[in-house]
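Hello,

Here is the structure I promised to pass on. My notes follow below it.

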Amino acid sequence: MSSPVYASAASPAYESYSTPSSSSSEKIIYGGSSSYTPPRKVWVDPKNLANCGDASQIQGNVSPYVKQLILNTFIAYGAGDEHCFGHSVAKAVKFVDISAHESHEKQGRMEATTVAEILVSKSMLNGAGMLHGGCLAFLIDNCCSTPLVALGLIKNINGVGVTQSMNIMFHSPAPVGSCLRIISTSIAMGGRIMSARCEVINKKTGSVVASAYLNKMQPTISKL
């Protein structure tokens, strides 16, 4: 079955981070109207990360370049190398849609949504044979961060931060073999504090496995 498309064909393509030109004299254009101004020093800049994985199959109305930058950030920052905590779990996550739109309820402010899927494997279970709550928290922390990265790329600000707080409600168990759909949406992006929400849904049954709110912040570089 092909991946679902969450953005209609009529939706605009948000390409704040356009594909870099091979000519060094040309500047990257954001939003098609203004030149890129290097942001203040940040600890993780998506455009400086090496390409990780193939974003060509990801649906949604943001540009292919933005999709690739989000995938790069998720793999480099969320998965890390094979010695990092949760590496194999993060590598099993597949993004199927990355989209953005102007929210009518928020008076036209931009909102970004990412949709990812993962198959629950035996290594993700607790002793009762269900998805471990700690593993689910790890997935939510990393996946729920991605719409903030997307919104940051579109608005030409840095959307990569460290988690300040995370509130998770567990609704139903997920046994081995369950395909989980992780739907994350940006809520707000301030000067240092950024917020997003997330729902984890069992793709087969439609039941909500967990829901969460996440707050992230830009760290002070001198304290890292």
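Helices (H or I, at least four residues) and strands (E, at least two) are DSSP runs, numbered from the N terminus.

This is a predicted model, where local features need pLDDT of at least 70, side-chain atom pairs count only at pLDDT 80 or more, and totals for chains, interfaces and linings use all residues. Residues are numbered from 1 along each chain as its sequence is written, and side-chain values use heavy atoms, with hydrogens and water left out.

Back to α1. The helix has 16 residues. From first C-alpha to last, α1 reaches 21 Å, close to the expected 22 Å (1.5 Å times one less than the number of residues). Of its 16 residues, 13 are buried (under 20% relative accessible area, 1.4 Å probe, protein chains only).

Now the sheet. It is open, with 6 strands in the order β3-β4-β6-β7-β8-β5 and antiparallel pairing (two strands pair if DSSP finds at least two bridges between them). β3 (94-103) and β5 (162-170) are the edge strands; each has a single partner, so one side of each lacks a neighbour in the sheet. The twist averages 20° from one strand to the next (axes are lines fitted to C-alpha atoms, for helices over the stretch in contact; angles run from 0 to 180 degrees between N-to-C directions).

β5 joins β8 (residues 208-217) through 8 bridges. In β8, Y213 is the bridge partner of N167.

α1 (residues 64-79) lies across β3, β5 and β8, at about 125° to β3 (contact means heavy atoms within 4.5 Å). Helix α3 (residues 133-143) lies across β4, β5, β6, β7 and β8, at about 130° to β5.

Best wishes

Key. Buried means under 20% relative accessible area, exposed over 50%, partly exposed in between (1.4 Å probe, protein chains only).
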